Amino acid sequence: MINLYDEDANVIGEVTRERMRAENLWHGCVLTVVFSTDGERVYVHRRTDTKDVFPGLYDYAAGGVIDSGETPDEAAARELREELGVEAPLTPLFQTIYVDDLTRYHAWVYETHYDGPFTHQPEEVAWGGWMDAAELRGKIEDPGWPLVPDGRAIGREWLRRTSSR
C-alpha cells in the first residue's frame, strides 16, 4: 500500500501500487541525489531491465514511491538505504510535481554527500558509478542520453534552482 495524495500534496488515503499505476492516481515520490563529499561528482545508476517504470534507463537519484503511513523524509532514507545501501544525512532541497501520460506525482527532492561504499539492490540497480557533476548537467539537457523522463524534468528544475547558488 502507498499514500494516495490529492493535487495539493495532502495525503487523502492509501491505495495499492497497482491501482495507482492503472488509474494514474496522484502519489508521492522521493528523489535523493548522492554527491561525493567534495561535491564534484554525482552517483549515477542504470535501472534494471525488469523495472515496472522506465526500465534500463539511467538515473542520478535514488528514490521511489512513498509507502502508506510514511513521511517523505522517512521514504527518502528508506529508498536510499534499499537502492544503494547508503545511510547518510539528508538535506531537503525542494518539492515539485511530475506529470506525464503514465504517472503523476508530488516529488520531494533531497541531497546527501557520501563517498561509498555502495550496495546495489539487484532488483532495481543494474550498474552504478560516479559522474562529474558538470557532465551530469549536460546529460540532463541531452535528449539523446537515456535518462528517466521524470529525472530529466525534475533535473532541469534542480539545475534552475541551483544555478543561482
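**View 1. E141, a partly exposed residue with a relative accessible area of 42%, and its partner R156.** Here buried means under 20% relative accessible area, exposed over 50%, and partly exposed in between (1.4 Å probe, protein chains only). The model is predicted, so local features are described at pLDDT of at least 70 and side-chain atom pairs count only at pLDDT 80 or more, whereas totals for chains, interfaces and linings use all residues. Residues are numbered from 1 along each chain as its sequence is written, and side-chain values use heavy atoms, with hydrogens and water left out. E141 forms a salt bridge (a side-chain nitrogen of Lys or Arg within 4 Å of a carboxyl oxygen of Asp or Glu) with R156, and the closest N and O atoms are 3.1 Å apart. Because E141 lies in helix 3 and R156 in helix 4, the pair ties together parts that are 15 residues apart in sequence; helices (H or I, at least four residues) and strands (E, at least two) are DSSP runs, numbered from the N terminus. R156 is partly exposed as well, at 30% relative accessible area.

**View 2. The salt bridge between R47 and D59.** The closest N and O atoms of this pair are 3.9 Å apart. R47 belongs to strand 4 (residues 41-47) and D59 to strand 5, so that distant parts of the chain, 12 residues apart, are linked. Both R47 and D59 are buried.

**View 3. E23 and R19 within helix 1.** The side chains of E23 and R19 meet in a salt bridge, at 2.9 Å from N to O. The two residues lie four residues apart in helix 1 (residues 17-23), about one turn of the helix. E23 is partly exposed at 44% relative accessible area, and R19 is partly exposed at 44%. The structure holds 11 salt bridges.

**View 4. The stacked rings of Y58 and W145.** Rings of Phe, Tyr and Trp (its six-membered ring) pair if their centres lie within 6.5 Å; planes under 30 degrees apart count as stacked, over 60 as edge-to-face, and the rest as tilted. The centres of Y58 and W145 are 5.2 Å apart and the planes stand at 15 degrees, which is why this pair is stacked. Y58 lies in strand 5 (residues 58-59), while W145 lies in the loop between helix 3 (133-141) and helix 4 (149-162), 87 residues apart. Y58 is partly exposed at 23%, whereas W145 is buried at 10%.

**View 5. The aromatic cluster of Y43, Y114, F118 and W130.** Y114 counts as buried, at 17% relative accessibility.
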